[in-house]
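This report describes one protein model for a reader who has not seen it before. The sequence and the model come first, and the description follows.

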Amino acid sequence: MKPTAYIKDRKFLIAFYFILMAFISSVMYLDGTVNISADNIIYINAVSIVFFFMYLTWDFLYQRNFYSTIHEMITSRQEDFVSALPEAKTNEQHAFILLLKQVYEQQNARIEALHERKREDRDFFITWIHEIKTPIAASRLIIDNSIGKPMDTILDKLENELDKIDGYVEQVLYYSRTDSFTKDYVISECKIEKVVKESVKKQAKLFIGKRIRCEMNHLDIEVLSDKKWLGFIVDQILSNSLKYTDQEGIITITGHENEKEKMLVIEDNGVGIKAEDIDRIFEKGFTGYSGRVYAKSTGFGLYLAKTLAVKLGHTISVESEEGKYTKMMIHFPKPLNHFDVT
């Protein structure tokens with residue numbers, strides 16, 4: 001810290017000192033009751049100035065090391081600067097150092113979150129690329145082996161693979177929008193029956209192909225949600241149920257309502273979930289025993305469903321018994337009626 005910079009920082013103190021001494025000197029000189037000569041007034045002012053500048057010199061030397069260290073850290077662009085911060089000399093400096101450390105910690109937390117998001121994105125897209133290559137490769141095999149086979153059969157198989165690709169593309173599109181979710185949703189009254197039927201229609205070929213029966217009960221209820229995002233959530237849960245339900249199984253979709261909430265229950269009689277996996281099925285990238293043994297799984301469908309449900313103000317819970325059933329429940333809390341509060 002240069003002396004000129006220090007003087008510039010103390011300009012108001014210096015100005016206040018000279019104004020104060022001028023006022024005191026004027027009072028002593030003009031007051032007829034005080035017998036004091038002009039030479040004595042000049043002497044008092046001279047001594048006061050000496051002591052005042054002695055104080056400024058001492059204060060400059062006292063704080064110079066602190067500011068010099070700060071300046072050196074700025075010019076050297078030191079990365080781990082928090083550990084190298086000098087010891088505060090005043091309460092003001094202490095407050096600034098504390099603020100700087102808090103900002104540094106917050107910035108580190110943001111950077112770490114960005115790195116974690118980048119790692120998650122990389123894992124997702126690597127898994128997604130491997131998964132989407134499967135139906136593409138299958139389509140090529142269908143075309144290569146199409147000689148002598150009926151065109152309807154070939155087109156039907158190709159359509160199945162295209163549906164898989166479409167599902168994977170939709171999944172990655174919704175995944176990419178999770179960060180900007182708040183700009184892309186509109187909460188309104190949604191008819192559960194319409195959302196469910198649209199989702200079942202999308203999966204119709206798989207229902208027919210595996211001869212799985214779908215039963216829908218008491219779906220004539222409305223919930224506050226975003227139709228597009230809610231439809232995607234139902235798609236992921238229903239797709240998961242179809243994946244792990246054997247041939248000629250049954251999937252039951254039921255609506256429930258009580259005083260506190262409305263609920264959509266999707267239950268299948270498939271392979272179920274192992275007890276040790278049930279608390280982790282909504283984790284990103286987790287496939288569990290069923291995902292590794294019974295079907296290829298990215299482990300992102302249920303994660304996305306859970307994430308989007310929370311953003312919409314809903315919750316998802318699960319009940320399951322291995323080898324018997326799995327029951328996925330989407331909970332829609334009812335708005336608080338303030339007139340009922342006692």
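Two strands pair if DSSP finds at least two bridges between them. By that rule, strand E5 (residues 261-268) and strand E7 (residues 325-333) pair, joined by eight bridges and running antiparallel. The model described here is predicted.

**Overall form**

The protein contains 10 helices and seven strands. Its radius of gyration is 37 Å, whereas a compact globule of 342 residues would have a value near 20 Å. Along the principal axes, the C-alpha atoms fill a box of roughly 125 × 60 × 35 Å. Of the 342 residues, 35% count as buried. Among contacts between residues at least 6 apart in sequence, 70% join residues at least 24 apart.

**The sheet**

Five strands form an open sheet with mixed pairing, in the order E2-E4-E5-E7-E6. Strand E2 (213-217) and strand E6 (315-321) are the edge strands, each pairing on one side only. On average, neighbouring strands of this sheet are turned by 15° against each other, direction ignored.

| Strands | Sense | Bridges | Residue pair |
|---|---|---|---|
| E5 and E7 | antiparallel | eight bridges | Ile 266 and Met 328 |

E4 and E5 are also joined by a hairpin, which passes through three residues. How many of the eight residues of E4 are buried? Six of them are, so E4 is largely enclosed by the rest of the structure.

**Helices on the sheet**

Helix H6 packs on the sheet and touches E2, strand E4 (250-257), E5 and E7. The direction of H6 makes about 175° with that of E2. Helix H8 (residues 227-243) lies across E4, E5, E6 and E7, and runs at about 30° to E5.

Which residues of helix H6 (residues 192-202) are buried? They are Ile 192, Val 195, Val 196, Ser 199 and Val 200. Seen down the axis of H6, these buried residues fall within an arc of 130°, so they line one face of the helix. Lys 201 and Lys 202, on the other side of H6, are exposed.

**Two single residues**

Gln 171 is part of helix H5 (residues 151-177). Is Gln 171 buried or exposed? Residues under 20% relative accessible area are buried, and Gln 171 counts as buried because its relative accessibility is 7%. The side chain of Gln 171 makes a polar contact of 3.2 Å with the side chain of Gln 236.

Val 310 belongs to helix H10 (residues 301-311). The cut-off for an exposed residue is over 50%, so Val 310, at 52% relative accessibility, counts as exposed. From C-alpha to C-alpha, Val 310 and Lys 157 are 37 Å apart in space, and they are 153 residues apart in sequence.

Note on methods. Residues are numbered from 1 along each chain as its sequence is written. This is a predicted model: local features need pLDDT of at least 70, side-chain atom pairs count only at pLDDT 80 or more; totals for chains, interfaces and linings use all residues. Side-chain values use heavy atoms; hydrogens and water are left out. Buried means under 20% relative accessible area, exposed over 50%, partly exposed in between (1.4 Å probe, protein chains only). Helices (H or I, at least four residues) and strands (E, at least two) are DSSP runs, numbered from the N terminus. The arc is that of the directions from the helix axis to the C-beta atoms. A polar contact is a pair of N or O atoms within 3.5 Å; within protein, one must be able to donate a hydrogen and the other to accept it, and residues adjacent in sequence count only if both atoms are side-chain atoms. Axes are lines fitted to C-alpha atoms, for helices over the stretch in contact, and angles run from 0 to 180 degrees between N-to-C directions. Contact means heavy atoms within 4.5 Å. The radius of gyration is taken over C-alpha atoms; the globule rule is 2.2 Å times the number of residues to the power 0.38.
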